[in-house]
Amino acid sequence: MTKYFFFALSILLTVSVSGQAPTGPRGGGVNRGNNPQMNIGRFYGRVVDEKTGKGVDAASVQLMLTRIDPRTNEKKDSLVGGMLTRRSGEFTLENLPLAGKFTLTITAIGYKTLEQNISFDIQLGPGADMSKAMAASDKDLGNIKMEQDAQTLEAVTVSASKPLMQMGIDRKIFNVEKNINSTGGTAVDIMRNIPSLNVDIDGNITLRNASPQIFVDGRPTTLSLDQIPADAIESVELITNPSAKFDASGGQSGILNVVLKKNRKVGYNGGIRAGIDSRARFNLGGDINVRQGKINAFASAFLNQRKSKNWGETNRNSLIDKSTTFQQNEGVMNGGFGFTRFGLDYFMNNRNTLTISQNISGGNFNPTNYNSLIYGSSDPNDNYFESQYRNTIGKHTFRNYGTSLAYKHIFAQPGKELTADITYNRSKSSNLSDIYIRSFNDPELQNPKFPEQLQQITGKGNNRQFVAQTDYVNPINENMKWEGGLRAQVRTFESNQMNFLNNIPQTALNNEFSYTDYVFAAYGIFSQKVKDGFSYQAGLRAESSKYDGEQLGKAHYANSFPVSLFPSIFLNKSIGDKQDIQLNYSRKINRPNFFQLMPNTDFSDTLNLQTGNPGLTPEFTHSLELSYQKTYGEKNNTFLATLFGKYITNQIARYQSLRPVADTVAFVSSWINANTAYAAGVELIFRNTIASWWELNLNTNLYYSKINGSNVVADLENERVSSFSKLNNTFKFGKGWSLQLSGEYQSKSALPVSTSNSSDGGGGRGWMGGPPSTSQGYINANYGADIGLRKDFKIKNNQASLSASMNDIFRTRRYSVHSESISFIQDEWRRRDPRIVRLNFNYRFGKLDRALFKRKNTRSEGGDNMQGGMENL
């Protein structure tokens, strides 16, 4: 009798809480209440094919309970159970409340959705048979027959197009799969079409006038952006003020996360693509994805040929000896690179997934540069004249290997998960430059000063990066959660440079440098939704870092920060369901990257000698943002306004000065730690669907920056106000036709305030170096426009497209820089690759074949299970 008493009591307590039924954590139930012992009900059954009677494997079963919301006194459906059917089609939903009305929904690929209203038929009252009532709490739903839907089995499902821009909680997401102008190019071409990002003529990327930290699939990488094919990228995420969850490195620059394409559709699917440009350079690529049972395998490969041309002039006046130098240069670079990625997901069960992937890339580039120089004097009494040519024939190779192993566990509680991953990247490069030099005393080049000389520079580099990370998310309830994680990173860099003049070693110029840095971190974040649309997130990250470098035979460099704290706080207020206001603050660190530290001197351009500074120390940034977002109109248009400010100490900046080089002196551009820097600005983003055939995205930035370098030279400052705008239009017309027109305008601006700690300084040029000095100059205004046209069509029910695009259609992208110091005044301009036309073909194929491919999830993206948050099944 005791068990009957508690059985009846459980029913009475369940129905007494305003219809709000608590549920349990085991089986297919979800525990949302404080009395899991009261939930003793169970539904079970078998899902079968209506015609064959065979069980339907991996059908999605979810159970909804209609209850009364105690706050609004209105009916509300809540998820109380869910699972995927076993191979036999069987399912069990346990720990359910006994009172209330339920809706059972079953979905499966190839079948029509099925819904049933069910309940526990329990009768209570005087004379009620308690044994029958208990038996009714364990209810068999029998064989549930599902009707096949031939339409979904016929061919690959065609999904609706994603908008160009989506707003995340802490990031802006740009879907670039269908970007016409970047097809057949590299990641740098994609960045030209993304709001907030500025791309210079050499492919260097800046975000709010600073170079962002480059991530690939959420983790740091040794790849540079010009080593990633555009066709391999699914989306780009901009995180302008990362929380304590993210690596504190990156300083004021934020994070640019490149998300590579990956598919988990049941069956097989893939694509092939090919293209050619107006310089007769080809690009080829393809990808394939196969999912069967517990295995999802994926692979992709791309090959891009490159031919790049550049032109420019430099004019320098020395303030010391009144000498003048005028240089004209013309260059061409031939080469190509390949990129491949492959791996697999192993679905151990519906809550545990193991993923391993491998990236391999490599390329060979052969640059040739022709430089003619004229040396003279601004003194009318000095008749000095000398002309010179410096022709450089180079060869550059790189190889990059990246391996990652990831594990993910989803708990029964919605949103609760544990992830762990290990990433190892290794890259190596080599450089060879033969510089042929000859000087003349006359402009006709008839009176040589000395025979032609040959200067040779060889260099090699090796980089290794190891990252281990684990993250844990634990929702306390639907309004509160906390997160925590650990991270370890070890990076090792090695480089050497050998110099020869007429085949004679120049040992005084040789250099061998290596360093290792270590970063160990832990973080914790607590977030809560309070009331009236207000929520907050508070986090703290602790990092311990150490840097140890050695310039062989010359000097040893080291610095350490045993414990550095990096707090972050985000405050958010929702005004209705159309407006949001957010205020956030974070503290960051920017550690010098390899190219900033490497003391090798680049002699290829006598007017722009460049070298690193192994004595650099990290900079620290305080970042503050205030954002307002409004969704308006029937088409859910978006307006986002952001005010931001940054204060940087120990600022890393470029500085050009006169210094000894071997047996002479020359102007050399290097890196310094300036005292402080300030940056502030406003960013406006408009995303508008003007009509069903026209989508417009407009981005405008107004930016102020000031660098104080008085610790290097008295009164050294660089202060500038600048603006930047970018417009992207997409027009759809006819049957499958679309046109993309984009353009940008950059006003007169200070050179980028800082670079990131990515392998190439955050830019796309990698081995070609970064922009000139920051603390002493500005960039003149420039603008450009790109256009692209695409036709979508079908070949045997599979999607295909043909596209054509042209960059810099008005030939206006001319990079012009003015820089000055107490020693010189210099003006230069350069142009690279205007009006390149690309023609590309893309073909997608696939089949959802249930008879051939079994699966553990019915969602095309590996999605969530019915209990919320069960990803990668």
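**Close-up views of salt bridges and a nonpolar patch**

**View 1. Asp517 and Arg491 meet in a salt bridge, at 2.6 Å from N to O.** A salt bridge is a side-chain nitrogen of Lys or Arg within 4 Å of a carboxyl oxygen of Asp or Glu. Asp517 lies in strand β26 and Arg491 in strand β24 (residues 480–501), so the pair ties together parts 26 residues apart in sequence. Strands (E, at least two residues) and helices (H or I, at least four) are DSSP runs, numbered from the N terminus. Both partners, Asp517 and Arg491, are buried. Buried means under 20% relative accessible area, exposed means over 50%, and partly exposed is in between (1.4 Å probe, protein chains only).

This is a predicted model: local features need pLDDT of at least 70, side-chain atom pairs count only at pLDDT 80 or more, and totals for chains, interfaces and linings use all residues. Residues are numbered from 1 along each chain as its sequence is written, and side-chain values use heavy atoms, leaving out hydrogens and water.

**View 2. Arg838 forms a salt bridge with Asp189.** The closest N and O atoms are 3.5 Å apart. Arg838 sits in strand β45 (residues 837–847) and Asp189 in helix α4 (residues 187–191), so the pair ties together parts that are 649 residues apart in sequence. Arg838 counts as buried, at 17% relative accessibility. Asp189 counts as buried too, at 17%.

**View 3. Lys112 and Glu147 join two loops by a salt bridge.** The N to O distance is 3.4 Å. Lys112 is in the loop between β5 (101–107) and β6 (114–118). Glu147 is in the loop between β7 (138–146) and α3 (150–154). The two residues are 35 residues apart. Lys112 is partly exposed, at 40% relative accessibility. Glu147 is partly exposed, at 39%. A search of the whole structure finds 18 salt bridges.

**View 4. A nonpolar surface patch covers about 760 Å².** Patches are made of residues with over 30% relative accessible area and no salt bridge; like charges are joined within 9 Å, and nonpolar side chains (Val, Leu, Ile, Met, Phe, Trp, Tyr) within 5 Å. Accessible areas come from the Shrake-Rupley method with a 1.4 Å probe; for residues, only the protein chains shown count as cover. Members of the patch include Val530, Phe534, Ile569 and Leu643. Strands β28 (555–575), β29 (579–590) and β31 (619–632) each supply at least two residues. The largest share, three residues, comes from β28. Val530 lies in the loop between β26 (511–529) and β27 (534–551). Val530 is partly exposed, at 44% relative accessibility.
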